[in-house]
Amino acid sequence: MTYGAPPIHEKNCARPAGRRLARAFTWGVLERLLEDERLIIESMSGTSAGAMNAAVLADGFEKGGAQGAREALARFWGAMAAAGTFSPYRSGPLNPLGPDWSPVARWWDWISQVFSPSQLNPFNFNPLREVLSQTIDFACVRHCQKIQLYVSATNVRTNSLRIFSGAELSVDVLLASACLPQLYPAVAIDGEYYWDGGYLGNPVLEPLVDGCTDFADIVLVQVDPFQRDDVPHTAQEIASRVNEVSFNASLMREIRAIASTTHLIAAGVVKDPRYKCVYFHRIAAEEMFRDLGARSKLDTHPVFLARLRDLGREAASSWLAEHFSDLGRRTTLDLSAWRPVTARAPARDERPGSSHSIDSN
């Protein structure tokens, strides 16, 4: 989200299988921020479901401003709920205890680890394609003038990050950005094949920084926690945590590098006008998402999605009340927790076998 000139960055949550529906939290955050007339959204960078939220917002904003964007987000999530009516992960009469206890969901988790997407889905049926086609006007998105949109995807063959924007944006681009190889075959675009952009950029911040003038405020909308209190034990918990760690690695490195440059600018060491001060902020609800099981994040029940939306609105309201005055002035994200940890070198007298001598000369 931006104030004055800076851009918004919408961070993807880490767990690939669960982040689409957890993104309803981001829906609430964006809806609340759009209501604040002091804020200006200049650009958005998204990967996977984050890219979908960004595209929906950009489309609605181009046509009807902040109100149009809020209405577009509501339509998109309504369509997502309708498309997941028969999902094994949906809470309801068939899953009265929730999707984490669903035997069908557990069976599907197991079967998807044994067979590839091409084997399980030879005709590449993807209900998400229809939802995106019905809720996003891509002709409008490709020519947006009010908000710049950047979508990341991973090139399977070259192991490189591809950033799509402007006239390149399409349904296939969004599907490529959200393509999890455990669930869907790689998406072909212009003869190349792509997987989820989170593998290399979660998403990439560079175009946001390059597009700003004097400074930038980048707001991270965090859906999954970086830290967990317990060590995972089950196969599903381990897979989930591996994804959380790997999908956030590139983002954390990029933020540390950009923050270091800002520090050097503030100290007067870097005076090159090509480099700008970038301030990072975060809107999150870590405690709530720590308590959600992995399958719960795939729950498409309208009541559950509304709960996540309301939680996002509350988190955004709290952030605005506490940190709006910090925009354009300082970073409010605690970067100390993102620095590499090194072992403390033992003092001389703590080293094994060390001895002391006194030179009396």
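**Two helix pairs in a predicted model**

Me: What makes the passing of H2 and H12 a right-handed crossing in this predicted model?
Reply: H2 passes H12 with a right-handed crossing, and that word applies if the near helix is turned clockwise from the far one by less than a right angle.

Me: Which residues of H2 and H12 make the contact?
Reply: On H2, the residues include Phe25, Trp27, Val29, Glu31 and Arg32. On H12, Leu305, Leu308, Arg309, Gly312 and Trp319 are among them. By class, this contact has 12 nonpolar, three polar and four charged residues.

Me: What makes H3 and H6 roughly antiparallel?
Reply: Helix H3 (residues 49–83) and helix H6 (residues 127–135) pack at about 150°. Angles over 145 count as roughly antiparallel, so H3 and H6 get that label. Their axes are 9 Å apart, and the crossing of H3 and H6 is right-handed.

Me: How do you know that H3 and H6 meet, and which residues do it?
Reply: Contact means heavy atoms within 4.5 Å. Met52, Asp59, Arg75, Phe76, Ala79, Met80 and Ala83 of H3 meet Leu128, Val131, Leu132 and Thr135 of H6. Sorted by class, that gives eight nonpolar, one polar and two charged residues.

Notes
Residues numbered from 1 in each chain as written. Predicted model: local features only at pLDDT ≥ 70, side-chain atom pairs only at ≥ 80, totals over all residues. Heavy atoms only, no water. Helix = DSSP H or I, 4+ residues; strand = E, 2+ residues; numbered from the N terminus. Nonpolar A, V, L, I, M, F, W, Y, C, P; charged D, E, K, R; others polar. Axes fitted to C-alpha atoms, helices over the stretch in contact; angles between N-to-C directions. Parallel < 35°, antiparallel > 145°, perpendicular 65-115°, else oblique.
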